[in-house]
Amino acid sequence: NRPLTKRICCIGAGYVGGPTCAVIAQQNPHIEVTVVDLDEVRIAQWRSSNLPIFEPGLSAIVEVTRDGTDGRQPNLFFSTAISAAIQQADIIFIAVNTPTKRMGVGAGSASDLGYVESAARMIANAAPADKIIVEKSTVPCGTAERLRSIFASLAPARSFSILSNPEFLAEGTAIKDLLNPDRVLIGSLKDDRSMSAARELASVYSWVPHDRVVHTNLYSSELAKLAANCLLAQRISSINSLSAICEATGADISEVANAVSLDQRIGRHMLKASAGFGGSCFKKDVLSLVYIAESLHLYDVANYWRAVNSINEHQKSRFTSRVISALHGTLLRKKITIFGWAYKKNTGDTRESASISVAAQLLAEGCELAVYDPQVSTNAQQIYRDLEDIGTNIRERVRVWDNAVDACVDACAVLILTEWDHFKTDMLADTSTLPENCTAASSDSGIDMLDDGLDLPTAKSVVHDAFNKSDRVDWCAIASVVQRPRLVFDGRGVVDPVALGALGFRVESIGKAS
Ligand code: NAD
Ligand code: UGA
C-alpha cells in the first residue's frame, strides 16, 4: 500500500533533524522532505558541501537525496522558509532542542520547552488545514497534552493529530541506528483519527520491519524515551562506580565488566568504564526525570536518579585527582596534553564532553593545555567557546593542535578522554582496499555495519568517514617528545598498557590499580 504522505517538514536542522530526514528521504524517494531552522548559518551549511555536523555515512546520503547525484530526483531540502514548508507538509516533525532550563521554575533540572512551544506556535499560525504533528524531541511526559491545548487555543477550527515518535539514534552511529533501529516508537491517543495518523507515520518508516514498530499511548512513549536514556546513563554510572573500587583494590574493571556481561540478563552494552559520560542528552534527561519525580513529590525516586549524575561528576573529578596526584600534587606551569575533545568518537559534537570538565579542573591548578582531537581540532574556536566560562587568558593557556605528536612536545602527561580509534595501539584494518576488506574494517571499528543489514555502499561510506588510517597517532614519535616518565592517563580504555609500556610509557587506566 502506497503511503499517503507526500511532503514532510521537520522543524530543527540539528543532530536529530538532519540525519533522520536524510534517511527518511533516502528510503522514500516519493516523499519530499524539507528541514527548516531559524538558524540561517546552519541551513546554509546543510545546503553546502561542508555539512554542519560530522556523522559517518551522512554526507553520501545527503549528496544523493539533496543533489540527486546518482540521477534520482532530489527530495531533501533545507530552508529557513518555515511557514511555507509547514503549509505544504502532511506531516510535521518537531525536532528542536530541549535543554535544561537555565532560569525560572525548575532551573537546573526541568526541560526548557520554549523551543517546542515556539515551533508549535509557528505550526498553529502557518498550517492552513489539519496536519499530523510529530514530537521527535525528547520531552517530559505530558508535553503532547500541552501541545494539544496550545493548538486548541490558537487554532480551534483545525484539529491536529499529535503523535510522539522519540528518536533513539546515538551520534557517531546515527546512520546505522536510523537504518537499522532496535525499535520505532509511536505514541498516540487511541481514537480512530489518532490511530490512522499513527499508521500513516509508521508507513514513512517503510524500511523498518513491522515487528519493530511499537505503538503505545502518548505518555508511555514520552516516558519510555526518557527512561531509555536514564537507564543507559545509569549503567555507565554503575560501572564507573565499580571502577573506583577496582582502582583501590586491584580488581580490573574490564575483567569485571566482561564477567558480569556474560550473564545474558545483564548483557555487554554500555558497560565501558570511562572518565564520565558526556553528550547533550544523558545529563539533561536524567535531570528531567528527577524534576518530574520531584514535581510528583516522589523524593526518594528523584534522589535515586540524581545519583546517576552525581557519580558522573565524581568520576570526572576522580580522574583529574589521579592526574594531579601522579604529578606530585602540583600542575603549576606544567604542560598537559588532552587527546579527544568530542564527547564520544566519530562525532564533532562537544556538548557536555568530559574533556571540558577535566580541562577546567586542570586549568584551575595552573597548568597549560594542548588539545588534539581528530575531528574537533579543525574547529579550535569551539574549544575556546566550551571553556569561555572558566575565565581570562584561556587562549594563552590552551593551544589546539591538528597533529597529535606536535601537541605532545614537552608534555608531562597525555590524557585520553575520547575513545577515538585513532588513539588505539593495535593496527586498524586497511580501509583503502574496500570493498573486499569492508567487513574486517567495519568489525574492527566496532560498527558491524554489514551484519546490521546496511547495504555495501552505505557501509563503505560509513567506514570511510569514520576512519582514516593516516590519522592514527604515532605513539613511537610521541615517546620521543614527551617528558619522562611518559605518563598516559587512559580515561576510555583504548590503549594497551603493555604495548605502550614497551615504548617506555607508564599508563594509568580507569578501573585498574596504578
Ligand atoms: P540541536 O541543538 O542540534 O538542533 C536543534 C535545532 O532546532 C537547532 O538548529 C535550532 O536552531 C532549531 N530550532 C529551535 N527552535 C526552533 C524553531 N522554533 N524553529 C526552527 N528551528 C528551531 O538539537 P539535537 O541534538 O538535534 O536534539 C533535538 C532533540 O532531539 C532534543 O530534544 C534531544 O534531546 C533529542 N535527541 C537528540 C539526540 C542526539 O543524538 N543529539 C538523539 C535523540 C534525541
Ligand atoms: C545516547 C543514547 O545512546 C541514544 O540512544 C539516545 O538517542 C541519545 O543519547 C539521545 O537521546 O541523545 P549518545 O549520547 O549520542 O546517545 O551516545 P552514547 O553512545 O550513548 O554515549 C554517551 C556517552 O557515554 C559518551 O560520552 C560515551 O563515551 C559514554 N559511554 C558510552 C561510556 O562512558 N561508556 C559506555 O559503555 C558507553
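This is a predicted model: local features need pLDDT of at least 70, side-chain atom pairs count only at pLDDT 80 or more; totals for chains, interfaces and linings use all residues.

Me: Is helix 1 largely enclosed by the rest of the structure or largely open, and how many of its residues are buried?
Reply: Helix 1 spans residues 17-27. The buried positions include Gly17, Pro19, Cys21, Val23 and Gln26.

Me: Which residues of strand 13 are buried on each of its faces?
Reply: Strand 13 comprises residues 487-490, and both of its faces are covered. On one side the buried residues are Leu487 and Phe489, and on the other they are Val488 and Asp490.

Me: Which residue of strand 14 is the bridge partner of leucine 487?
Reply: Strand 13 is joined to strand 12 (residues 413-416) by four bridges in a parallel arrangement, with alanine 413 opposite leucine 487. Strand 13 also pairs with strand 14 (residues 506-509), again parallel and over four bridges. In strand 14, leucine 487 has as its partner arginine 506.

Me: How much of the accessible area of ligand 1 does the protein cover?
Reply: Ligand 1 is surrounded by 27 residues, with Asp37, Arg42, Thr98, Ser118 and Lys284 the closest. Oxygen atoms of ligand 1 lie 2.6 Å from a side-chain N or O atom of aspartate 37, 2.6 Å from a polar side-chain atom of threonine 98 and 3.0 Å from one of arginine 351. Of the 840 Å² that ligand 1 has on its own, the protein covers 93%.

Me: Which helix gives the largest share of the shell around ligand 1?
Reply: By class, this shell contains twelve nonpolar, seven polar and eight charged residues. The largest share is four residues, and they come from helix 5.

Me: How much of the accessible area of ligand 2 does the protein cover?
Reply: Around ligand 2 there are 21 residues, among them Ser274, Cys281 and Tyr343. A backbone N or O atom of leucine 169 lies 2.6 Å from an oxygen atom of ligand 2, and a polar side-chain atom of asparagine 229 lies 2.7 Å from an oxygen atom of ligand 2. Of the 690 Å² that ligand 2 has on its own, the protein covers 88%.

Terms used
Residues are numbered from 1 along each chain as its sequence is written. Chains are lettered from A and ligands numbered from 1 in the order in which they are written. Side-chain values use heavy atoms; hydrogens and water are left out. Buried means under 20% relative accessible area, exposed over 50%, partly exposed in between (1.4 Å probe, protein chains only). Helices (H or I, at least four residues) and strands (E, at least two) are DSSP runs, numbered from the N terminus. Two strands pair if DSSP finds at least two bridges between them. A residue is near a molecule or strand if one of its heavy atoms lies within 4 Å of it. A polar contact is a pair of N or O atoms within 3.5 Å; within protein, one must be able to donate a hydrogen and the other to accept it, and residues adjacent in sequence count only if both atoms are side-chain atoms. Accessible areas come from the Shrake-Rupley method with a 1.4 Å probe; for residues, only the protein chains shown count as cover. Ala, Val, Leu, Ile, Met, Phe, Trp, Tyr, Cys and Pro count as nonpolar, Asp, Glu, Lys and Arg as charged, and the others, Gly among them, as polar.
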